[in-house]
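Colleague: Could you walk me through how to read a few features here? I would like the general idea each time, then the case at hand.

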Amino acid sequence: MSLGHLLTRIKYCLIYKVGVHFPDRRVRVWALRALGYEVGEGTYFADDLVITLAYANRGRLRLGRRVAIGPGCILVLTAHANNSKVKQQLTEKERWITIEDDVWLGAGVIVLPEITIGEGAVIGAGSVVTKDVPAHCVAVGNPARVIKKVGE
């Protein structure tokens, strides 16, 4: 690994570790943008948000406008078997998550890779999102399932 590559990894590591968990919301949003992620205006996420990422290939994360992400949420951009022999038999996930405008993730929600959560959707606390969620729907559970339309 070259010195330049190592310094870049250290920079991104520091931005993530310090910036994403900083008490001030504006600094947290700046940190995600500095990591190359899209963050819409008015988006809020707690200072304990976890984004699983590989610093060499951080994946794509798009948070729309006015997204609310509750405490203890995990966005899984990187999913692979690390050094296990199982890794040879599985394909690594694509590393992207899209959360459209006006989505609310309750506390402790986990979103797996290759997921789109549609505009105005609500994900119940503690849910694990394993499949796309349509716009204006409420999804809950593990795995998260749509139980109704927002407002019903």
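**Reading burial, contacts and patches**

Modeller: Gladly! Keep in mind that this is a predicted model. Let's start with Ser 127, which sits in the loop between β11 (122–123) and β12 (128–129).

Colleague: Is Ser 127 buried or exposed?

Modeller: The general idea is that a residue under 20% relative accessible area counts as buried. Ser 127 has a value of 1%, so it is buried.

Colleague: Which backbone atom does the side chain of Ser 127 reach?

Modeller: That would be the backbone nitrogen of Gly 141, at 2.9 Å. Setting aside residues up to four places away in sequence, Ser 127 also touches Gly 108, Val 109, Ile 110, Ala 139, Val 140 and Ala 144, along with Gly 141 itself.

Colleague: Now Val 39, please. Where is Val 39 found?

Modeller: Val 39 belongs to strand β1 (residues 38–39). Its relative accessibility is 8%, so Val 39 counts as buried too. Beyond its neighbours within four places in sequence, Val 39 is in contact with Val 29, Leu 32, Arg 33 and Leu 63.

Colleague: And how far is Val 39 from Lys 11, C-alpha to C-alpha?

Modeller: Those two C-alpha atoms are separated by 20 Å, with the residues 28 apart along the chain.

Colleague: Which residues form a nonpolar patch on the surface?

Modeller: Met 1, Leu 3, Leu 6, Leu 7, Ile 10, Leu 14, Val 18 and Phe 22 do, and together they have about 800 Å² of accessible area. One of them, Ile 10, lies in helix α1 (residues 3–19). With a relative accessible area of 40%, Ile 10 is partly exposed.

Note on methods. Residues are numbered from 1 along each chain as its sequence is written. This is a predicted model: local features need pLDDT of at least 70, side-chain atom pairs count only at pLDDT 80 or more; totals for chains, interfaces and linings use all residues. Side-chain values use heavy atoms; hydrogens and water are left out. Helices (H or I, at least four residues) and strands (E, at least two) are DSSP runs, numbered from the N terminus. Buried means under 20% relative accessible area, exposed over 50%, partly exposed in between (1.4 Å probe, protein chains only). A polar contact is a pair of N or O atoms within 3.5 Å; within protein, one must be able to donate a hydrogen and the other to accept it, and residues adjacent in sequence count only if both atoms are side-chain atoms. Contact means heavy atoms within 4.5 Å. Patches are made of residues with over 30% relative accessible area and no salt bridge: like charges are joined within 9 Å, nonpolar side chains (Val, Leu, Ile, Met, Phe, Trp, Tyr) within 5 Å. Accessible areas come from the Shrake-Rupley method with a 1.4 Å probe; for residues, only the protein chains shown count as cover. A salt bridge is a side-chain nitrogen of Lys or Arg within 4 Å of a carboxyl oxygen of Asp or Glu.
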